[in-house]
Amino acid sequence: MKKVALVYIVAVFVPSLVLAWLAVRSLRDQQLVLERQQSLLCQAVADAKAREVQEALAEHERTFKMSVNSLLGKRNPLDAARAFDERLRKVWPLAEVGFAVDLKGEILSPSPYSRPEAKKFCADYGRFLGNLESAEVYSNPKQALGNVATVNAPPPPPQEQQAEFDRRYGLSKTPQARSVVAQQQQLQSQQRQQGSSSQNPLVSKTPQPRSVIPLQPPPQAVNFQNPLVPEDNQASKVAAAEAEFRQLMGEDTEGTLARFVDNKLNVLFWCRPARDAPVVFGAQLALSRLVAGLRTLVAQVEPALAGEICVALLDDTARPVAVSRPGFGASWKRPFVATEIGETLPHWEVAVYLVDPAKLTRSAQALRLTLGLVIGVLVLAIGVGSWLIVADLNRQLTLARQKTDFVSNVSHELKTPLTSIRMFSELLAEGRVADPPKQRSYLGIITAETARLTRLINNVLDFARLERGEKNYQFQKCDVVSVAGETAASYRPHLEASGFQFECELPETPILVNGDPDALAQVVVNLLSNAEKYSDRRKEIALRVRPQTRPLPYVEVQVLDRGLGVPKGCEQKIFEQFYRAHDSLSSGIQGSGLGLTLARQIARAHGGEVVYEPRAGGGSCFSLRLPLRAGP
Ligand code: ADP
């Protein structure tokens with residue numbers, strides 16, 4: 001038993017508990033798991049949309065270059081540079097200002113006097129395009145970083161040229177500003193003098209904060225310098241660099257650059273026919289027209305997700321310039337996930353918002369509840385199963401013990417009468433008892449012990465038959481009064497010989513039932529035998545047969561004694577097989593634990609019952625109740 005219990009605990013109970021614990025632990029992470037899944041999905045949408053925007057920008061860059069090429073034709077670049085602004089705007093509507101600048105840094109187009117936009121452009125970009133000052137710009141690192149501008153760079157412009165610039169574009173500077181520019185130029189010329197190809201002439205700025213802070217970090221948020229440290233979700237991936245226009249161009253023939261002028265984003269495309277071409281052509285983009293083109297692109301969201309999310313294109317101030325769900329409102333700076341577009345539109349982001357953020361929590365709660373219930377039911381099933389197994393094991397153990405006791409009890413019960421029979425028959429056979437009354441008494445003992453043996457063997461055999469379902473009853477109309485009377489008469493001599501006062505109370509008239517007389521007699525004998533066995537000093541036994549009417553007419557055969565009585569709590573157990581309330585060892589009373597089991601089974605086969613009641617004044621009262629008209 002101990003081994004089975006141990007195996008059960010190690011193989012079933014402990015693993016089940018561990019599994020349940022793990023399941024409960026994983027339940028707590030359900031919301032995180034759902035959020036992660038949702039964020040992966042939304043991040044994929046944001047990344048794809050950002051890529052689409054980048055592709056659209058690249059496409060614009062290609063069309064710009066084609067437009068420039070068509071304007072150039074076979075013409076000399078210096079000729080083509082004349083009135084380039086007007087001509088480009090005609091063929092390429094995205095251009096707000098078209099510009100052409102020669103290698104000396106002179107702006108050939110637009111003329112600052114042509115229109116206000118041109119004048120502003122010259123004021124904003126004159127010095128930068130003329131390589132007179134560096135500016136904080138965002139450019140594609142592939143085109144800018146690592147390109148050494150010193151190789152083809154002209155010498156720093158003389159002071160007179162700078163003065164001419166200032167005069168032409170009305171950019172007279174304060175002495176203070178001049179000294180800052182002078183310092184910058186000094187620094188740049190130092191860099192040029194030191195200039196080896198391993199040194200980057202662009203001065204990269206430290207990363208700036210993002211315009212939005214997504215609620216969910218991007219799934220691939222790892223620091224590339226140290227993959228173990230997660231990347232700061234709040235830092236922008238695009239970084240500005242301080243550079244002159246010529247440095248930015250390096251040896252490339254085309255590129256983009258973005259710059260914030262008066263906190264307003266300007267995007268410039270530029271290209272030159274060849275690396276050594278004397279003129280660089282470019283355009284400042286009309287952002288409003290660019291955004292108008294991107295609106296349809298942003299509005300296209302997969303139908304399955306369209307009801308769940310809103311995709312928005314946010315500018316550098318986190319203001320939505322294009323949204324997929326018109327009328328949708330949210331805290332624009334706190335999207336669910338977001339992806340930066342890149343250097344061409346620095347600090348612009350494609351952001352994804354959940355239409356119903358609480359839905360995620362609700363789904364997680366529902367999932368948690370369902371899984372919790374399933375786990376609860378499983379744990380309960382394991383618990384109930386364990387309890388049933390333990391109870392069954394206990395029952396089996398008790399039964400096994402009772403069977404062992406039964407074998408030893410029956411052996412003992414067989415041995416005791418056999419010893420008496422053998423002893424008295426030997427005495428009589430050897431003729432050692434000459435006295436006739438003594439001889440009769442010895443013969444009486446032999447008869448009684450034989451009857452006891454017969455009873456015991458009958459009980460054991462009957463029990464075996466009942467267990468196998470082979471017990472057959474001979475039902476017939478039988479008189480309970482005469483069955484009880486005959487049994488009492490046959491038992492009386494034995495009882496009286498043992499010093500019992502036996503009182504028999506029988507009705508005058510017969511009481512008929514449908515039953516097996518032998519089986520019913522066996523019940524009465526078993527009850528009388530128990531009354532005899534469990535009687536102590538007061539040797540009084542009574543047998544009563546009484547007809548009863550309530551609730552239905554039945555007959556009651558009662559066997560009463562003044563003996564030990566059944567200990568409290570054992571009143572029902574005494575009817576179980578092999579159960580003995582009075583242990584052989586402590587009470588010294590032999591028994592098999594089968595008498596009452598058989599009595600009850602026979603009574604039930606007759607539609608009746610055997611019940612126990614403590615007798616008033618001490619002792620026991622066992623009643624066999626049989627329905628008067630009942631049959632099997
Ligand atoms: P046994 O062979 O042990 O008598 P039974 O099935 O006849 O087996 O009885 C079961 C148990 O019921 C007995 O062991 C005894 O403890 C209790 N019992 C039966 N009859 C009486 C009685 N008349 N007085 C007290 N206890 C009794």
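**A walk from the cysteines to the ligand**

The structure holds 0 disulfides, a disulfide being a pair of cysteine sulfur atoms within 2.5 Å. This is a predicted model, in which local features need pLDDT of at least 70 and side-chain atom pairs count only at pLDDT 80 or more, while totals for chains, interfaces and linings use all residues. Residues are numbered from 1 along each chain as its sequence is written, and side-chain values use heavy atoms, with hydrogens and water left out.

Cys310 has 0% relative accessibility, so it counts as buried; the term means under 20% relative accessible area, with exposed over 50% and partly exposed in between (1.4 Å probe, protein chains only). Cys621 is buried too, at a relative accessible area of 5%.

Next, find helix α5, residues 116-129, where Asp124 has its place. Helices here are DSSP runs of H or I with at least four residues, numbered from the N terminus. Asp124 is buried, because its relative accessible area is 18%. Beyond its neighbours within four places in sequence, Asp124 is in contact with Arg259, Val261 and Asn266, contact meaning heavy atoms within 4.5 Å.

Now turn to the ligand. Around it are 20 residues, and the closest are Asn530, Tyr534, Arg580, His582 and Ser592; a residue counts as near if one of its heavy atoms lies within 4 Å. Polar contacts (pairs of N or O atoms within 3.5 Å) can be found here as well. Asp561 places a polar side-chain atom 2.9 Å from a nitrogen atom of the ligand. A backbone N or O atom of Ala581 lies 3.1 Å from a ligand oxygen atom, and for Gly595 a backbone N or O atom lies 3.2 Å from an oxygen atom of the ligand. Taken alone, the ligand exposes 530 Å², and the protein buries 99% of that, with areas from the Shrake-Rupley method and a 1.4 Å probe.

Definitions and conventions:
Helix = DSSP H or I, 4+ residues; strand = E, 2+ residues; numbered from the N terminus. Polar contact = N/O pair within 3.5 Å; in protein donor to acceptor, adjacent residues only side chain to side chain.
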